[in-house]
Amino acid sequence: MVQLRINYLNNYIIFIYLLIIFFILPVQYNPIVDSLFFMISAISFIITFLLKIQTKQEIKLKIVDIILYFFIGIIYIFVLLFSPYPKSNITVNFIYMIFIIYYFYRNNLITPNGLSQRFYKFAYLFMFASLLIQFYLSLRQTKTLYFVIGWDKNYTGVILFFFFSFCYKRKFIIGLAFAVFISIFLGSRGYILMLLLFFIIIIFKKSFYRLVEKVPFKRMWRVFLLLLMTITLFSFFWVNVISSKNVVDYQQGLNDTSNKMRFVANIKAIDLLSTDRYLSLFGYDNDLKKVLGIDSSNLGEHSRYYGVRLVQPHNSILNTVVKTGILFSVLYFLIISRTIDKYYLKENLQYIFPYIACSMIMHSLLNTSFLLFFLLILHTPTNKSPFVIRCLKKQGSFANKM
């Protein structure tokens, strides 16, 4: 009974944290709220651990999990002791990973029927009010859509996709319509891509389910690997064939400078990984921009590569690899993959694949608070459906095959 109450409390902790981060404060204040979240989560973690000891509950861990946790811990300590680069980025990733394991992988959010409908409605109204106010103020003041909660319009689009997904799961029709309507004003190609993929999966769900049952898609780490290989090859093709001529200005077409910069950044990341042997042990962490020569506030002073200005890798996997090192990243993504696998069910595929696809063209979507929000969406039960219990038991033919 006490553990159940803690689980309810954990749900509230995550919801409140994400509502503050993504729907109240401008992004520059996020580190303060992150720190508070870490402290509160650590307290919940310790209480849960002591409770299990007091009640003599066996803490069961799979052998593969023990191996993964042991080696990623050793590598993290090694980086702290010997890396010549900063350690803040890898430390934040490591802390988030611990709490993602605690909350989602170890089932410390599981409740019999999710939270009450009243709380889900409160969260919906809170998010909707925030988006409406920002939408109104943005158009009134600047005539272009700008949200204080996002780094730019593409990350604002990711937040809108979270809101869209939450509304779809909980059947909040007005919010759903607003999330689609606002895409006209936002101008985020990433958000439009996610919406298109979402509806394509819904329309062709039977065919898509049969595809996902195939071997390359049965585990999330395979999906990550397949998509990473695909986007890497596509980057070389785009830069050397498509963008070799007739490149147009920003957002004047698909073959524009923005897309070329994204794919060139991927090629540069591959070049760094193939030439810098120390990247197997250490990542550049927050020195990445300095290494790339793009740390100046004057964009005109930034390094150029393949004829365009360099940017950090716009791919969540490659970005994590060059910042935290190959060894840490491989173990990190194996752990994250195992967590997503718990929610790899039929009713979640339309949320998983658009987001994972978008993470291949944007950085920072597979770590920190964005990953936490994504997992919370997967964890949120469909309205009037005992979905969370299914995630725990992994029942059903599809789940058994996964």
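This is a predicted model: local features need pLDDT of at least 70, side-chain atom pairs count only at pLDDT 80 or more; totals for chains, interfaces and linings use all residues.
Let's start with Ile173, which is exposed at a relative accessible area of 59%. Here, exposed means over 50% relative accessible area, buried means under 20%, and partly exposed is anything in between (1.4 Å probe, protein chains only). Residues are numbered from 1 along each chain as its sequence is written, and side-chain values use heavy atoms, with hydrogens and water left out.

Back to Ile173: you'll find this residue in helix α7, which covers residues 173–181. Helices are DSSP runs (H or I, at least four residues), as are strands (E, at least two), and they are numbered from the N terminus.

Phe119 and Tyr12 make another pair to look at: 107 residues separate them in sequence, while their C-alpha atoms are 9.1 Å apart in space. Phe119 sits in helix α5 and is buried, with a relative accessible area of 14%. For one more distance, take Phe328 and Ile133, which are 195 residues apart along the chain and have 41 Å between their C-alpha atoms. Phe328 belongs to helix α15, and its relative accessible area of 1% makes it buried.

Now for the charged side chains. How many salt bridges does the structure hold? There are 2, a salt bridge being a side-chain nitrogen of Lys or Arg within 4 Å of a carboxyl oxygen of Asp or Glu. One of them joins the side chains of Asp65 and Arg338, at 2.8 Å from N to O. This pair ties together distant parts of the chain, 273 residues apart: Asp65 is in helix α3 (residues 63–82) and Arg338 in helix α15 (residues 326–341). Asp65 is buried, at 2% relative accessible area, whereas Arg338 is partly exposed, at 24%.

The salt bridge between Asp271 and Lys268 has an N to O distance of 3.9 Å. Both residues lie in helix α12 (residues 257–275), 3 residues apart, or about one turn of the helix. Asp271 is partly exposed with a relative accessible area of 27%, while Lys268 is buried with 17%.

Helix α4 runs over residues 88–105, and its 18 residues reach 24 Å from first C-alpha to last, close to the 26 Å expected at 1.5 Å a residue. That expected span is 1.5 Å times one less than the number of residues. α4 is mostly covered, with 13 of its 18 residues buried. Helix α16 (residues 349–359) has 10 of its 11 residues buried, so it is largely enclosed by the rest of the structure. Among those buried residues are Tyr351, Phe353, Pro354 and Cys358.

Just after α4 comes Asn107, with a positive phi of about 65° although it is not a glycine. Asn107 lies in the loop between α4 and α5 (117–141), where it is partly exposed, with a relative accessible area of 23%. Lys56 also isn't a glycine, yet has a positive phi of about 60°. Its place is in the loop between α2 (30–54) and α3. Is Lys56 buried or exposed? Lys56 is exposed, with a relative accessible area of 77%.
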